[in-house]
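I opened the notebook to keep track of what I looked up in this structure. The entries follow the order in which I checked things.

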Amino acid sequence: MKKVVFLVAIFSVTSLFSQNTFQLWNFNAKDGMEGAIAKLADEQWGDAKFKSGGIQIERIGHGDNPWSHRVILFGEVGKIGRVDGDVTDTEWALFQEKFNNLVEEWGTSYAGRFMSIEGGSWVDYPYVQIYDLNLNDPLAFKNAHDKLVKQTSKTRGERPVAFGAYDIGGGKNVTHWVAIGSKDFNDLMAQKAIEETYVKEWAEWSKNNGGATIIANYSLNVLAAFTNN
């Protein structure tokens, strides 16, 4: 098993270019250990106080992501991670040792920014599809994306949609990402059928997005989420 001291940078992540940022770590859980991982996470973060944002453990499902799970830490620039003194070095070291014992292998890790977010809470819509993208013109894409999100808001309701950048890592030829939240798999499929009725809006998006290639897409489910709210 490849052991790493993951999340060390939880206490010091910053970005100069956006108000909201994230770090994520992919891993393969040992067989049958998902429940134990969720329980350990609750013990570690169940009553945690975060400077902003929070942390999630997510199960990766359908699609072309080779890892079984990931951890994602998110929050405002300069205010990410737990508040000072909320956990001791000894507690943190013990948690990392326990977590590593449940992991078969640690994988790739990325960091980046949220560039736009619309809709409700990911906790309420925990089944998420991720599109990893290569963009020729990120500003044109953001403008087209934001317009399409507004045009489709009536039928999407409070389901969240986010767009952002990978600033460190992300994969070969991957520069940006889009995330779409749903209640479950059936809800996601139902929303896709509804999206097909927006023929004019999607055509406008395709014409004005500056050039976008989908490099990968996959689904994930929020296994455990911890924030101040």
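This is a predicted model: local features need pLDDT of at least 70, side-chain atom pairs count only at pLDDT 80 or more; totals for chains, interfaces and linings use all residues.

**Entry 1: aspartate 146**

I then asked what the side chain of aspartate 146 meets in a salt bridge. The partner is lysine 142, at 2.7 Å from N to O. Lysine 142 has a relative accessible area of 22%, so I wrote it down as partly exposed.

Both residues sit in helix α3, four residues apart, which is about one turn of the helix.

**Entry 2: helix α3**

I checked the helix itself. Helix α3 covers residues 138-151, 14 residues in total. From first C-alpha to last it reaches 20 Å, close to the 20 Å expected at 1.5 Å a residue. The buried residues in α3 include Ala140, Phe141, Ala144 and Leu148.

**Entry 3: other salt bridges**

How many salt bridges does the structure hold? I found nine. I looked at aspartate 84, which forms one with lysine 51, the closest N and O atoms being 3.6 Å apart. This pair links distant parts of the chain, 33 residues apart. Aspartate 84 is in the loop between β3 and α2, and lysine 51 is in the loop between α1 and β2. Aspartate 84 is exposed, with a relative accessible area of 70%, whereas lysine 51 is partly exposed at 26%.

I also noted the salt bridge between the side chains of arginine 82 and aspartate 86, at 2.9 Å from N to O. Is arginine 82 buried or exposed? Its relative accessible area is 5%, so arginine 82 is buried.

**Entry 4: aspartate 132**

I moved on to aspartate 132, in strand β5 (residues 127-135). Aspartate 132 is buried but has no salt bridge. The nearest side chain of opposite charge is arginine 70, 6.7 Å away.

Which side chain joins aspartate 132 in a polar contact of 2.7 Å? I found tyrosine 166 there. Leaving out residues up to four places away in sequence, aspartate 132 also touches others, among them His176, Trp177 and Tyr218.

**Entry 5: serine 219**

Serine 219 is in strand β8 (residues 212-227). I read a relative accessibility of 4%, so serine 219 counts as buried. A polar contact of 3.1 Å joins its side chain to that of tyrosine 127. Apart from residues up to four places away in sequence, the contacts of serine 219 include Arg59, His62, Val128 and Gln129.

**Entry 6: strand β1**

Last, I looked at strand β1 (residues 20-29). It is mostly covered, with eight of its 10 residues buried. Which way do β1 and β3 run? They run antiparallel and are joined by eight bridges.

Methods. Residues are numbered from 1 along each chain as its sequence is written. Side-chain values use heavy atoms; hydrogens and water are left out. Helices (H or I, at least four residues) and strands (E, at least two) are DSSP runs, numbered from the N terminus. Buried means under 20% relative accessible area, exposed over 50%, partly exposed in between (1.4 Å probe, protein chains only). A polar contact is a pair of N or O atoms within 3.5 Å; within protein, one must be able to donate a hydrogen and the other to accept it, and residues adjacent in sequence count only if both atoms are side-chain atoms. Contact means heavy atoms within 4.5 Å. The expected span of a helix is 1.5 Å times one less than its number of residues. Two strands pair if DSSP finds at least two bridges between them. Lys and Arg count as positive and Asp and Glu as negative; His and the chain ends are not counted. A salt bridge is a side-chain nitrogen of Lys or Arg within 4 Å of a carboxyl oxygen of Asp or Glu.
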